[in-house]
Amino acid sequence: MALCLMGSVCAAVQASPLLMSSASFYEKVSQSAENWLVLFRVSWCGACQAFSPEWLALTESWQGRTRLGEVDAESEAYLADHYGVHSYPALLDIRGGRFIFYSGDRTAASISAYLLRSWTAEETAVSYTHLTLPTKRIV
């Protein structure tokens, strides 16, 4: 697991969010057993621009403690569509190839609290066993 809590020793984790293409996303995130928090954004989105300072604060506070990624959904529309991202900014909590959309407040404090609460081994085993992209039912 890539999460390193205060006072613990962990493997090297990148210092800032990795800007990802579809290829790098597949290589680094989809095939990884590590936890990732990935932001999908677009340049023209006012909510994305408003969220930018919170994302910056979050990345600074989690620097070296977890894997963070960023996807420009304009240039990587296929990737956004594949993961069902249709509104921005979207945060995906990805663990071992499974994912869930973060749906809480878009503040660094709220997202940090979520990460601390949900990225523990105990909760991961219970909460993330069933998470895959939902399929549509044809009636």
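Helices (H or I, at least four residues) and strands (E, at least two) are taken here as DSSP runs, numbered from the N terminus. On that basis Pro89 falls in the loop between α3 and β4, and a cis peptide bond, with omega about -5 degrees, joins Tyr88 to Pro89. This is a predicted model, in which local features need pLDDT of at least 70 and side-chain atom pairs count only at pLDDT 80 or more, while totals for chains, interfaces and linings use all residues. Residues are numbered from 1 along each chain as its sequence is written, and side-chain values use heavy atoms, with hydrogens and water left out.

**Overall architecture**

- The chain has five helices and five strands, and from the N terminus on its elements follow the order β-α-β-α-β-α-β-β-α-α.
- Buried residues (under 20% relative accessible area, with exposed meaning over 50% and partly exposed in between, for a 1.4 Å probe and protein chains only) make up 40% of the 139 residues in the chain.
- The chain exposes about 7,800 Å², of which carbon and sulfur atoms supply 58%; accessible areas come from the Shrake-Rupley method with a 1.4 Å probe, and for residues only the protein chains shown count as cover.
- Among contacts (heavy atoms within 4.5 Å) between residues at least 6 apart in sequence, 72% join residues at least 24 apart.

**Nonpolar cores**

- A nonpolar core is a set of buried Ala, Val, Leu, Ile, Met, Phe, Trp, Tyr and Cys residues joined through side-chain atoms within 4.5 Å; the largest has 19 residues, of which Phe25, Phe40 and Ile94 touch the most other members.
- To this core α1 (22-30), β2 (35-41), α3 and β4 each supply at least two residues.
- A second, separate core of 14 residues includes Trp55, Trp62, Leu68 and Tyr102.

- In α1, Ser24, Phe25, Val29 and Ser30 are buried, and they cover an arc (that of the directions from the helix axis to the C-beta atoms) of only 165 degrees around the axis, which puts them on the same side of α1.
- The face of α1 turned away from its buried side carries the exposed residues Ala23, Tyr26 and Glu27, whereas the cover over the buried residues of α1 includes β1 (18-20), β2, β3 (67-72), α3 and β4.
- In helix α4 (residues 108-118), the buried residues are Ala108, Ile111, Ser112, Tyr114, Leu115 and Ser118; seen down the axis of α4, they fall within an arc of 160 degrees, so they line one face of the helix.

**Aromatic residues**

- The structure holds six aromatic pairs, where rings of Phe, Tyr and Trp (its six-membered ring) pair if their centres lie within 6.5 Å, and where planes under 30 degrees apart count as stacked, over 60 as edge-to-face and the rest as tilted.
- The rings of Tyr83 and Phe99 have their centres 5.0 Å apart and their planes at 70 degrees, so this pair is edge-to-face.
- The pair links distant parts of the chain, with Tyr83 in the loop between α3 (77-82) and β4 (90-95) and Phe99 in strand β5 (residues 98-101), 16 residues apart.
- Tyr83 counts as buried at 10% relative accessibility, and Phe99 likewise counts as buried at 7%.
- One aromatic cluster is formed by Phe25, Phe40, Tyr83, Phe99 and Phe101.
- Arg65 lies over the face of Trp62, at 4.1 Å from the ring centre, given that a charge sits over a ring if NZ of Lys or CZ of Arg is within 6 Å of the ring centre and within 35 degrees of the ring normal.
- Trp119, in the loop between α4 and α5 (121-127), is buried, with a relative accessible area of 0%.
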